[in-house]
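Subject: Structure handover

Hello,

Here is the structure I promised you. Please open it beside this email and follow along.

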Amino acid sequence: MKPSDEEAGCLVSRGGRLYTRSAAPGIRVYGERLVSFEGVEYREWDPYRSKLSAYLRLGGGPLPFRKDDSVLYLGAASGTTASHVSDMVPEGRVYCVEFSPRTFRELVRNCDRRPNMIPILGDATRPEEYSFVVGSSGVVYSDVAQKRQADILADNMDLFGADRGMVSIKARSEDVTAAPADIFSSSEARLRDRGFRIEDIHSLEPYEMSHAMIYVRRG
Ligand SMILES: C[S@@+](CC[C@H](N)C(=O)[O-])C[C@H]1O[C@@H](n2cnc3c(N)ncnc32)[C@H](O)[C@@H]1O
């Protein structure tokens, strides 16, 4: 983790573990450990449960989130990682898009306790269908584990005017027969073609096999 992540005090590293300052003290989202540092409650951020935490543990960062950002989160599932993002934007919002109705029900329960997390039952490949809820967004984070992962990020960043974006690329979701390194290079090339600058790319192994995180900026 790089020092600028810690500036807001929302994300801290202690003894080799990562924590986010809890926006909903006393409440666990996925059984994570709650700890107190100097009278403030933090939630341990497990790199085996969250690719964004894995990215930081592997030397990635700083993360693109600012305290008052409007974040569009694609593929929120039940809200494990999205809840940590919500901790990092205490004056902002996290719009959480998920398309599985069953998973969405769990997401809604987790959003109930976190006023800055807004659940959206929607398909990340059809951003125009939730544009009336989201309005604009500074940063898009995408973890949809399906085909066209780079384009899904780019389409959403374009529609919502985001200048920062991160995408977790699961190589096997693009093509089970291709070498993961080739999928990562073609995803990178696609994002460049779409007008984005690659800030960082990191393999997520050993936490997630055949996954890479790509961080882009516009222009
Ligand atoms: C790898 S899981 C996400 C895990 C989650 N980001 C986390 O770290 O807590 C991928 C999720 O994306 C959802 N998903 C896949 N395709 C989607 C799409 N087109 N639109 C919205 N959600 C999608 C799946 O239902 C699944 O819940």
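Contact here means heavy atoms within 4.5 Å. Keep that cut-off in mind for the helix pair below. One caution before we start: the model is predicted.

**The helix pair**

Which residues of helix 5 meet helix 7? They are A150, D151, L153 and A154.

Two packed helices are described by the angle between their axes and the distance between the axes. Helix 5 covers residues 149-160, and helix 7 covers residues 180-193. Their axes come within 9 Å. They cross at roughly 25 degrees. Angles under 35 degrees count as roughly parallel, so helix 5 is roughly parallel to helix 7. The crossing of the two is right-handed.

**The ligand**

How many residues surround the ligand? There are 16, and the closest are Y73, T81, E98, D143 and Q146. Look at Y73 and T81 in turn. A side-chain N or O atom of Y73 is 2.7 Å from a nitrogen atom of the ligand. For T81, a side-chain N or O atom is 2.5 Å from an oxygen atom of the ligand. F99 takes part through its backbone: an N or O atom there lies 3.3 Å from a ligand nitrogen atom.

**Backbone points to check**

Most residues other than glycine have a negative phi, and most peptide bonds are trans.

- The peptide bond from G61 to P62 is cis, with omega near 0 degrees. P62 sits in the loop between helix 1 (51-57) and strand 5 (70-74).
- E205 and P206 are also joined by a cis peptide bond, and omega is about 10 degrees. The loop that holds P206 runs between strand 10 (196-203) and strand 11 (211-218).
- E38 is not a glycine, yet its phi is positive, near 50 degrees. Find E38 in the loop between strand 3 (34-37) and strand 4 (40-44).

Best wishes

Key: Residues are numbered from 1 along each chain as its sequence is written. This is a predicted model: local features need pLDDT of at least 70, side-chain atom pairs count only at pLDDT 80 or more; totals for chains, interfaces and linings use all residues. Side-chain values use heavy atoms; hydrogens and water are left out. Axes are lines fitted to C-alpha atoms, for helices over the stretch in contact, and angles run from 0 to 180 degrees between N-to-C directions. Helices (H or I, at least four residues) and strands (E, at least two) are DSSP runs, numbered from the N terminus. Angles under 35 degrees count as roughly parallel, over 145 as roughly antiparallel, 65 to 115 as roughly perpendicular and the rest as oblique. A crossing is left-handed if the near helix is turned anticlockwise from the far one by less than a right angle, and right-handed if clockwise. A residue is near a molecule or strand if one of its heavy atoms lies within 4 Å of it. A polar contact is a pair of N or O atoms within 3.5 Å; within protein, one must be able to donate a hydrogen and the other to accept it, and residues adjacent in sequence count only if both atoms are side-chain atoms.
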